[in-house]
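This report goes from the overall make-up of a protein to its packing and then to a few individual residues. Please keep the sequence and the model open while reading.

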Amino acid sequence: MNAVIEVFPQIARGLGVTITVLIAASLLAYIMAFVAGLSKLSNNVFIRKATGFYVEIFRGTSLIVQLFWLYYAIPMLFNIPLGTNWWIGVIAIGLNYGAYLSEVVRSSIVAVDKGQTEAAIALNMTSFQRMRLIIFPQAVRMMLPEFGNYTILMLKSTSLVSLIGLRDILYYGDIIRSTNASITPLVYTLVLVLYFLLALPLIWLTRKGEGIAKKGVASS
């Protein structure tokens, strides 16, 4: 018990980095999801191809490799500074999950009953009005559970930022373990507990999102 009291506050010092990376990466992922998801439905072939390239690259390669590419390769190859390690972690996680979520956005919009579009056309609505007033509100309701699930996955992925020196929960856990190997099981148990506690509100929100989605969308 004394060991827990001693170790827990040290690991908890990384909470600030973990939470801020999660929030910023989630916001970036959501923005990229809607931009890329809507772009894949564009009538412009160049926009669709460019968006498809981004999505397939980030879905088809490892997040760890992407993180290291942004951290090591881009500054060396192109002499482009991407900011602090914090920003690099946010960009890597945000772009990676934005690619996955873009497919959620696209498929949810496509899944809205075609009869809704036909009815909107019959009411002489413009394409923007149809998307804003009819299709998008129904699609967003269907997106909520998947957005919640991917946000939980983003929380877990924040642990990777310790690989580029960010002092998150796992970083401090590794430091403590390296100085006292005998408490390794305790250290990683406490790390697990902290991640689980952080995930609990996200799990609750995801279930609420599932409840909203189960109400369904209008049909023709």
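Of the 220 residues of the protein, what percentage count as buried?

## Overall make-up

In this predicted model, 39% of the 220 residues of the protein count as buried. Taken along the principal axes, the box filled by the C-alpha atoms is roughly 70 × 45 × 20 Å.

Where contacts with a separation of 6 or more are considered, 77% of them join residues 24 or more positions apart. The protein exposes about 12200 Å², and carbon and sulfur atoms supply 67% of that area.

## The nonpolar cores

In soluble globular proteins, nonpolar side chains tend to be buried together. Here the largest nonpolar core has 45 residues, and the residues with the most contacts inside it are I11, I93 and L101. At least two residues of this core are supplied by each of α1 (2-12), α2, α4 (63-78), α5 (85-111), α7, α8 (169-179) and α9 (184-214). The largest share, 9 residues, comes from α5.

With neighbours within four places in sequence left aside, L101 is in contact with A29, Y30, A33, E146, F147, Y150 and M154. A second, separate core has 6 residues, among them Y54, V55, F58 and L95.

## How α2 and α7 pack

Two packed helices are described by the angle between their axes and the distance between the axes. For helix α2 (residues 15-39) and helix α7 (residues 127-157), the angle is about 145 degrees and the axes are 11 Å apart; the crossing of α2 and α7 is right-handed.

On the α2 side, the residues that take part are T18, L22, A25, S26, A29, Y30, A33 and F34, and on the α7 side they meet F136, M143, F147, T151, M154 and L155. Sorted by class, this contact of α2 with α7 has 11 nonpolar and 3 polar residues, with no charged residues.

S26 lies in helix α2. Is S26 buried or exposed? S26 counts as buried because its relative accessibility is 5%, which is under the 20% limit for that class. Not counting residues up to four places away in sequence, S26 touches T151 and M154, and both of these partners are listed among the α7 residues that meet α2.

E146, by contrast, is found in helix α7 and is partly exposed, because its relative accessible area of 34% falls between the 20% and 50% limits. Residues up to four places away in sequence not being counted, E146 touches L101 and V104.

I169 lies in helix α8 and is buried, with a relative accessible area of 0%. Apart from its neighbours within four places in sequence, I169 is in contact with I11, G14, L15, T18, V191, L194, Y195 and L198. Although I169 and R13 are 156 residues apart along the chain, their C-alpha atoms are separated by 7.0 Å. L198, one of the partners of I169, is found in helix α9 and touches L15, T18, I19, L155 and I169, again not counting residues up to four places away in sequence. L198 and L95 are 103 residues apart in sequence and 22 Å apart in space, C-alpha to C-alpha.

R48 lies in helix α3 (residues 45-60) and counts as partly exposed at 32% relative accessibility. Which residues does R48 touch, not counting residues up to four places away in sequence? The residues that R48 touches on this basis are S39, K40, S42 and N43. The C-alpha atoms of R48 and A119 are separated by 27 Å, and these residues are 71 residues apart along the chain.

Notes. Residues are numbered from 1 along each chain as its sequence is written. This is a predicted model: local features need pLDDT of at least 70, side-chain atom pairs count only at pLDDT 80 or more; totals for chains, interfaces and linings use all residues. Side-chain values use heavy atoms; hydrogens and water are left out. Axes are lines fitted to C-alpha atoms, for helices over the stretch in contact, and angles run from 0 to 180 degrees between N-to-C directions. Helices (H or I, at least four residues) and strands (E, at least two) are DSSP runs, numbered from the N terminus. A crossing is left-handed if the near helix is turned anticlockwise from the far one by less than a right angle, and right-handed if clockwise. Contact means heavy atoms within 4.5 Å. Ala, Val, Leu, Ile, Met, Phe, Trp, Tyr, Cys and Pro count as nonpolar, Asp, Glu, Lys and Arg as charged, and the others, Gly among them, as polar. A nonpolar core is a set of buried Ala, Val, Leu, Ile, Met, Phe, Trp, Tyr and Cys residues joined through side-chain atoms within 4.5 Å. Buried means under 20% relative accessible area, exposed over 50%, partly exposed in between (1.4 Å probe, protein chains only). Accessible areas come from the Shrake-Rupley method with a 1.4 Å probe; for residues, only the protein chains shown count as cover.
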